[in-house]
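Grab a pencil and work through these exercises with the model open beside you. Try each task on your own before you read the solution.

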Amino acid sequence: MEILKRRILEDGACFEGGILKVDSFINHQMDPQLMKSIADEFVKRFSGIYINKIMTIEASGIAPAIMVGYQMQLPVVFAKKKEPKTMRHALTSIVHSFTKDRDYPVSISGEYLTPEDHVLCIDDFLANGNAALGMIDLINQAGATLAGMGFIIEKEFQNGGHILREKGIHVESLAIIKSLDNCQIAFK
Ligand code: 5GP
């Protein structure tokens, strides 16, 4: 997606350890016009597939997911990083955070993820795939069906994309980064 790649080159910053900072338009301050274009692209790429729910993990996946849900006119549910005491029929999985280097639980209520659901997962980044695998685990626990997974940015030099595609999952990434070596952003 050309406008996204251009924006990453203009406003993204590269950090040691293969981390791309996109705080000025995705992860901290957000650009709604760009998010709308991102959502339109996801809608196009997943057209013709039966989907009745959008899912993500808090916090950075929520903005693109809600835009996609709005465009597809579907409900959006997000896995929470803390299980609230009031959550009923909680399903839980453990995810290893790439950026924070620690494990954390993610929970979703079985009230909002059910065997009737055909789920499109949306997230900001695909790195090693741990967050994605956590979402897949929750979908499996709920007896729901995974329809596809969409990421704004995939870092191809990490293994997540390979793991998910090997499983036969329909993965769409709007900007695929081949390398961040020497803090240079190189797209596929
Ligand atoms: P994974 O679980 O695939 O290893 O990492 C995905 C999650 O880690 C994303 O939801 C995102 O929040 C965070 N993440 C991974 N790599 C990056 C990165 O380079 N930059 C930013 N800002 N977040 C990242």
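**Exercise 1.** Find where Ala59 sits in the chain, and work out which peptide bond next to it is cis.

*Solution.* Step one: Ala59 is in the loop between β3 and α4. Helices (H or I, at least four residues) and strands (E, at least two) are DSSP runs, numbered from the N terminus. Step two: the cis peptide bond is the one that joins Glu58 and Ala59, with omega at about 0°. Step three, for background: most residues other than glycine have a negative phi, and most peptide bonds are trans.

Before you go on, note that this is a predicted model, where local features need pLDDT of at least 70, side-chain atom pairs count only at pLDDT 80 or more, and totals for chains, interfaces and linings use all residues. Residues are numbered from 1 along each chain as its sequence is written.

**Exercise 2.** Describe how helix α3 and helix α4 pack.

*Solution.* Start with the geometry: α3 (residues 32-45) and α4 (residues 62-72) pack at an angle of about 60°, and their axes are 8 Å apart. Axes here are lines fitted to C-alpha atoms, for helices over the stretch in contact, and angles run from 0 to 180 degrees between N-to-C directions. Next, name the arrangement: α3 and α4 are therefore oblique to each other. The cut-offs are these: angles under 35 degrees count as roughly parallel, over 145 as roughly antiparallel, 65 to 115 as roughly perpendicular, and the rest as oblique. Then check the hand: α3 passes α4 in a right-handed crossing. A crossing is right-handed if the near helix is turned clockwise from the far one by less than a right angle, and left-handed if anticlockwise.

Now list who meets whom. From α3 come Met35, Lys36, Ile38, Ala39, Asp40, Phe42 and Val43, and they meet Ala63, Pro64, Met67, Val68, Gln71 and Met72 in α4. (Two residues are in contact if their C-beta atoms, placed from the backbone, lie within 7 Å.) Last, sort the residues of this contact: 10 are nonpolar, 1 is polar and 2 are charged. For that sorting, Ala, Val, Leu, Ile, Met, Phe, Trp, Tyr, Cys and Pro count as nonpolar, Asp, Glu, Lys and Arg as charged, and the others, Gly among them, as polar.

**Exercise 3.** Which residues of α4 are buried, and what covers them?

*Solution.* First, the rule: a residue is buried if 20 or more other C-beta atoms lie within 10 Å of its own, exposed if 12 or fewer, and partly exposed in between, with C-beta atoms placed from the backbone. By that rule, the buried residues of α4 are Ala63, Pro64, Ala65, Met67, Val68 and Gly69. Their cover includes α3, β3 (53-57), β4 (76-79), β7 (118-126) and β8. One more stop: just after α4, Gln73 takes a positive phi of about 55°.

**Exercise 4.** Gly129 and Gln158 are both loop residues. Is each one buried, partly exposed or exposed?

*Solution.* Take Gly129 first, in the loop between β7 and α5 (130-142). Gly129 has 22 other C-beta atoms within 10 Å, so it is buried. Not counting residues up to four places away in sequence, Gly129 touches Asn159, Gly160, Ile163 and Leu164.

Then turn to Gln158, in the loop between β8 (145-155) and α6 (160-166). With 17 C-beta neighbours inside 10 Å, Gln158 counts as partly exposed. Leaving aside its neighbours within four places in sequence, Gln158 is in contact with Gly18, Ala127 and Asn128. Look at the Gly18 pair again: Gln158 and Gly18 are 140 residues apart in sequence, yet 8.9 Å apart in space, C-alpha to C-alpha.
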